Amino acid sequence: MLHDVVDVLHPGKATVKKSVIKEKLAQMYKCTGDYIICFGFKTIFGGGKSTGFALIYDNLDYLKKFEPKHRLVRLGFLERRKATRKQRKERKNRQKKVRGTAKSKVGSGKK
């Protein structure tokens with residue numbers, strides 16, 4: 001695995017897409033774009049330069065093992081299970097009735 005800070009110079013243009021950055025990094029390091037994760041890009045005031053972070057994994061197994069879940073969802077490797085608003089509120093109110101570590105044991109109620 002390789003991790004690197006990426007500086008992108010783009011004078012007179014809008015911020016460069018992460019997919020384009022991913023392709024350029026794949027060419028530079030002679031690997032496929034599937035194993036490259038780009039995130040955290042900030043454009044410097046006035047434009048023309050962006051700085052971000054890139055991780056290049058050896059294979060897909062390492063990527064799935066070490067990447068945080070929210071980034072895997074973003075990339076489409078995981079599917080986000082989101083409870084409805086009512087379910088979340090009911091769970092919150094059930095958690096208020098117990099103390100300590102029992103809060104984590106409070107799941108969805110039976111019907």
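**Entry 1: terms and confidence**

I start with a term: helices (H or I, at least four residues) and strands (E, at least two) are DSSP runs, numbered from the N terminus. I note that this is a predicted model. I looked up the confidence next. The chain averages a pLDDT of 90. I also find that 96% of the residues score at least 70. Where is confidence lowest in the chain, and where highest? The lowest mean, 83, belongs to helix H5 (residues 102-105). The highest, 95, belongs to strand E3 (residues 49-56). I keep one caution in mind: where pLDDT is low, predicted coordinates should not be read in detail.

**Entry 2: lysine 30**

I went to the loop between H1 and strand E2 (36-43), and lysine 30 is there. Its phi is positive, about 55°, although lysine 30 is not a glycine. Is lysine 30 buried or exposed? I read a relative accessible area of 74% for lysine 30, so it is exposed, the cut-off being over 50%.

I moved to tyrosine 29, which lies in helix H1 (residues 18-29). Its relative accessible area is 36%, and I log tyrosine 29 as partly exposed.

**Entry 3: valine 6**

I looked up valine 6 in strand E1 (residues 2-9). Valine 6 has a relative accessible area of 9%. That is under 20%, so valine 6 counts as buried. What does valine 6 touch, not counting residues up to four places away in sequence? I list Ile21, Leu25, Phe41, Ser50, Thr51, Gly52 and Ala54. I then checked one of these partners, serine 50. Valine 6 and serine 50 are 44 residues apart along the chain. Their C-alpha atoms are separated by 8.2 Å.

**Entry 4: the salt bridge**

How many salt bridges are there? I count 1 salt bridge. Glutamate 67 and arginine 71 meet in a salt bridge through their side chains, at 2.7 Å from N to O. The cut-off is 4 Å, so the pair qualifies. I looked up both partners. Glutamate 67 is buried, at 3% relative accessibility. Arginine 71 also counts as buried, at 14%.

**Entry 5: the cysteines**

How many disulfides does a search of the whole structure find? I get 0 disulfides. I checked cysteine 31, which is in no disulfide. The nearest cysteine sulfur to cysteine 31 is that of cysteine 38, 10 Å away.

Cysteine 38 is buried, with a relative accessible area of 9%.

Notes: Residues numbered from 1 in each chain as written. Predicted model: local features only at pLDDT ≥ 70, side-chain atom pairs only at ≥ 80, totals over all residues. Heavy atoms only, no water. Buried < 20%, exposed > 50% of the residue type's maximum accessible area, 1.4 Å probe, protein only. Contact = heavy atoms within 4.5 Å. Disulfide = S-S within 2.5 Å. pLDDT = per-residue confidence, 0-100.
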